[in-house]
Amino acid sequence: MPGFADRLNGIGISASAAMTDKATALKAEGLKIISLSSGEPDFPTPEHAVEAAVDAARGGDTKYPPQAGKPALKKAIQAKFLRDNSLDYALDEILVANGAKQIIYDAMMATINPGDEVVLPTPYWISYADIARLGGAEIVQVPCPAASNFRLSAADLDAAITPRTKWLVLNFPNNPTGACCSRKDMEEIAAVMLKHEHVWIMTDDIYEHLVYDDFNFCTLAEVEPRLKDRVLTVNGVSKAYAMTGWRVGFCGGPRDLIAVMNNMQGQSTSGINTLAQAAAIAALEGPQDFLRERAAEYQTRRDIVVSLLNEIPGVECHTPQGAFYVYPDISACIGKVTPEGRQIKTDADFVMALLEEKQVATVQGAAYGMSPFFRISYATSVETLREGCQRIAEFVQSLK
Ligand code: PLP
């Protein structure tokens, strides 16, 4: 067989996608799987966004789009950045892509040279690491320990930056921990980054609207305007507006960076589905009140999951202030054996045994760079969450 590219060595299907696929296969065999692995809102896409796409299709908006995004969508994004983040981007400082994921891909591919380093506060969303490695970069982890609520310490960040650092990626609210970054913490991070002028900074704000307990979200370019010419502010409609399948992400950033990212995009996709862009305009310009209502619903689910998990001896669960994940510590389960004789040596063993013996799909902490933990997504019904936590409790209590 003809060979494959070396750059793909070590790059596989993401752990959460692998777990979702395995759960789907078990479901097809007739098992009742409780799926807590997928990072996808269970709410529907707002009706006005769906209607805008239908109108666009019927109105003949079906030709190649402008590569960097339709002007009307870029204007809606410009207004969103002003409204939500007090950030003023010109239209040529904005790029639309097929999801925030493609923004991240375009940015890294357009900037990374082999041997560069990408600094990732850890645990981190796996795609940052895989995309950076595809570009030939090395990953530098900065642990954000559970004991400090998965916060990034400015001093640890400072120590991780070297002359080879190309990017720092910030993602608060965080996937997989739900950790948020207060304005004070962000100011300390900004003070560090002002010193390191050779580093680009990506802030992945995709969970911006999913914050709880009256947490005030902030983003780096707003907190420290002197960094704005090195910051790429990334966002999208997937999580807040429950539009994962529409594949619309966007960013604001320095004009020259946006231009090279647009060149990357030109050779991969030629732009974004016109109907999805119409839907995204409607989502960004339409009513925003339901975002708070949905966040309140997620907060209720978070409270239920955190309290049910903390009732289980052997599981320790923090209370995150954002996103829709918890990342419980399962140190006490490592070294034990399941009723069916499976050895739990790692968090990967834990989640696989939990799926096979109790039919609950979650994701191992190893996939996010910090063990022994596992990630639960609470973007699902309260009934499913109660059943899932009940099965996790039975599983953990059965370990010997
Ligand atoms: N960034 C983070 C932190 C995510 O968790 C995800 C999806 O899971 C994405 C980006 C991808 O967003 P999109 O659907 O816009 O590509």
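A crossing of two helices is called left-handed if the near helix is turned anticlockwise from the far one by less than a right angle, and right-handed if clockwise. By this convention α4 passes α5 in a right-handed crossing; helices (H or I, at least four residues) and strands (E, at least two) are DSSP runs, numbered from the N terminus. The model is a predicted one, in which local features need pLDDT of at least 70 and side-chain atom pairs count only at pLDDT 80 or more, while totals for chains, interfaces and linings use all residues. Residues are numbered from 1 along each chain as its sequence is written.

**Helix packing**

Two packed helices are described by the angle between their axes and the distance between the axes. Here the axes are lines fitted to C-alpha atoms, for helices over the stretch in contact, and angles run from 0 to 180 degrees between N-to-C directions.

| Helix pair | Angle between axes | Axis distance |
|---|---|---|
| α3 (residues 71-85) and α10 (residues 274-285) | about 25 degrees | 9 Å |
| α2 (residues 47-58) and α10 | roughly 140 degrees | within 7 Å |
| α4 and α5 (residues 126-134) | about 30 degrees | 9 Å |

Angles under 35 degrees count as roughly parallel, over 145 as roughly antiparallel, 65 to 115 as roughly perpendicular and the rest as oblique. α3 and α10 are therefore roughly parallel to each other, and α3 passes α10 in a left-handed crossing. On the α3 side the contact is made by A72, L73, A76, I77 and K80, and on the α10 side by Q277, A280, I281, L284 and E285, two residues being in contact if their C-beta atoms, placed from the backbone, lie within 7 Å. These contact residues of α3 and α10 divide into 7 nonpolar, 1 polar and 2 charged, where Ala, Val, Leu, Ile, Met, Phe, Trp, Tyr, Cys and Pro count as nonpolar, Asp, Glu, Lys and Arg as charged, and the others, Gly among them, as polar.

With α2, by contrast in orientation, α10 forms a pair that is therefore oblique, and the crossing of α2 and α10 is right-handed. The contact involves H48, A49, V50, A52, A53, A56 and A57 of α2 together with T274, L275, A276, A278, A279, I281, A282 and A283 of α10, and its residues comprise 13 nonpolar, 2 polar and no charged.

In the pair of α4 with α5, already noted as right-handed in its crossing, K101, I104, Y105 and M108 of α4 meet S127, Y128, I131 and A132 of α5. The residues of this contact divide into 6 nonpolar, 1 polar and 1 charged.

**Surroundings of the ligand**

Helix α4 (residues 99-109) gives the most to the shell around the ligand, with 3 residues. Of the 13 residues around the ligand, G99, A100, K101, G236 and S238 come nearest, a residue being near if its C-beta atom, placed from the backbone, lies within 6 Å of the molecule. By class, the shell has 3 nonpolar, 8 polar and 2 charged residues.

**Backbone features in loops**

A cis peptide bond, with omega about 10 degrees, joins T122 and P123, and P123 has its place in the loop between β3 (117-122) and α5. The peptide bond from F172 to P173 is also cis, with omega near 0 degrees, and P173 lies in the loop between β5 (165-170) and α7 (183-195). N149, although not a glycine, has a positive phi of about 60 degrees; N149 is found in the loop between β4 (138-143) and α6 (154-160).
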